[in-house]
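Here are my notes on the model you asked me to look over.

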Amino acid sequence: MSFSPTKIIDSFGVSSVWLIVAIFVGLLWFAYSLFASIFGHSFDILFSLAPIWVPFVLVILFWRLWIEYIRAKFINKQEYILLEIRLPREIVRSPQAMDTLLANFHIGMGESTFIDRYIKGKTRPWYSLEMASIGGNVHFYIWTRKFLKDIVEAQIYGQYPMVEIYEVEDYAKKLRYDPNVYGVWGCDFKLTGKDAYPIKTYVDYGLDKDPKEEFKIDPMAGFFEFLGHIGPDEQIWFQILIRVNKGKLREDRKYTGGSLLTKSTSWQEEAEEEIEKIKKEATPDAPSSSDKGITLIPNFTPGQVDKIKAIERSISKLGFDAGMRGVYIAKLDKFNPSKIPALTASLKQLNSGNLNGIAPTRWFTKFNYPWQDFRGKKKEKCKHKIIDAYKRRSWFYAPYKTPSFVFNTEELATIFHFPGSVVQAPTLGRVQSNKGDAPHNLPV
């Protein structure tokens, strides 16, 4: 399926816009007929003012349609590539190398002016960091716009000079979903707490100190083993979509009740608010309101100290808007439901009880009871849509715009990094020989 978001916009082009207007006018007339008899004269006054307020409503409606349209056109015009990174037999770098690599992906070009954003429809480039198991063979990919290829390759080789990078055909687009052939299950992932609180990272596992290979505890080792042990007729797709965070709070704050009451406008400011909140909780009340000149010193518990340190370390790193998605696909006779909890629980080792965690959400996770989809039609639609969303790498924009959260480079590198030899999955896709420079004393 070709990447063509303009089809979604064009499919409700000029003719459908007029249909929307007609429906809107019809609803106005229906509302007038229904409520005029109830509210009487006051409703007549409101309706008589329609020539003033209706144009504003229509302008907002058309503005949103326009933004979606020009962004879809811009996205559709871009060329995209998928780079596969093939690993050497040994990786001697810790995830800190990936942390540094991702910091150099923090490029927010394209939206610098009003004309760029709202006339040309330009968007920030985004990346998809992917780990895919095709019949048990594990692959690492980075998907991005084609003009960023040289930058991406240079950064990878700069940190991992022994890997091999190839531009390859998109494995996701090779699959043609047929409900009579394949079974599908998938979900997105969300943070369980505020963006200010980090998950457990490679630093918490001591990998920032780059210990000897035999002493490393890779938090993702179990996930890599899981990817390497699926059958030949099964596939696991996992993607992390990222783009530069421009100092904004998570996009789903409007769905999270109390966060609307915060004064913060960025995730860093929200983090500072959380630190102040912790300090206030640790500060004892004054003995009496009449006492003056008393300096109250916070009495932190070890847990509160750890929280403040973790938050401060988190906001010291560069942040990305992020979204994560996982999909399990198998031929119907090979579809194994036990792989579903393995996929949803694949990141639980990064959860911290007093900080943050990762949990599955959306798509198939909303069908908890048989009566929610007793005919199976909703699930079938989900199967088509989640595969389509994965292929398009759609998260931040239409057609599958989804609330994102903020991850810093340290958190991203914890999940997406190239494992060392401590991970012994036999299908990890390592190259059979290491590259090296020629001896300096060869005859000319």
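This is a predicted model: local features need pLDDT of at least 70, side-chain atom pairs count only at pLDDT 80 or more; totals for chains, interfaces and linings use all residues.

1. I'll pick out a few below.

2. Have a look at Glu111 and Arg124, whose side chains pair up in a salt bridge at 2.9 Å, N to O. Glu111 sits in the loop between helix H5 (95–103) and H6, and Arg124 in the loop between H6 and strand S2 (127–134), so the pair ties together parts that are 13 residues apart in sequence. Both partners are buried.

3. Lys122 and Asp116 also form a salt bridge through their side chains, with an N to O distance of 3.7 Å. What is the burial state on each side? Lys122 is partly exposed at 27% relative accessible area, while Asp116 is buried at 11%.

4. Glu274 belongs to helix H10 (residues 267–282) and Lys194 to the loop between strand S5 (182–191) and helix H9 (221–228), 80 residues apart. Glu274 has a relative accessibility of 7%, so it counts as buried; Lys194, at 31%, is partly exposed.

5. There is also a salt-bridge network to check, and it links Asp99, Asp204, Arg313, Lys317 and Glu410.

6. Now the surface charge. A positive patch brings together Lys366, Arg375, Lys377, Lys378, Lys381 and Lys385. One of these, Lys381, is in helix H13 (residues 377–392). Is Lys381 buried or exposed? Its relative accessible area is 55%, and the cut-off for exposed is over 50%, so Lys381 is exposed.

7. The surface has a nonpolar patch too, made of Trp63, Trp66, Phe114, Ile115 and Ile119, with about 520 Å² of accessible area together. Helix H4 (50–77) and helix H6 (114–118) each contribute at least two of its residues. Trp63, which is found in H4, counts as partly exposed at 40% relative accessibility.

8. Last, Gln239 in strand S6 (residues 234–244). Its relative accessible area is 0%, so Gln239 is buried. Which residues does Gln239 touch, leaving aside those up to four places away in sequence? They are Ser128, Leu129, Glu130, Gly323, Met324, Arg325, Ala389, Tyr390 and Arg393. Take Gly323: Gln239 and Gly323 are 84 residues apart in sequence, yet their C-alpha atoms are 8.2 Å apart in space.

Terms used
Residues are numbered from 1 along each chain as its sequence is written. Side-chain values use heavy atoms; hydrogens and water are left out. Patches are made of residues with over 30% relative accessible area and no salt bridge: like charges are joined within 9 Å, nonpolar side chains (Val, Leu, Ile, Met, Phe, Trp, Tyr) within 5 Å. Accessible areas come from the Shrake-Rupley method with a 1.4 Å probe; for residues, only the protein chains shown count as cover. A salt bridge is a side-chain nitrogen of Lys or Arg within 4 Å of a carboxyl oxygen of Asp or Glu. Lys and Arg count as positive and Asp and Glu as negative; His and the chain ends are not counted. The place of a charge is taken as NZ of Lys, CZ of Arg, CG of Asp or CD of Glu. Helices (H or I, at least four residues) and strands (E, at least two) are DSSP runs, numbered from the N terminus. Buried means under 20% relative accessible area, exposed over 50%, partly exposed in between (1.4 Å probe, protein chains only). Contact means heavy atoms within 4.5 Å.
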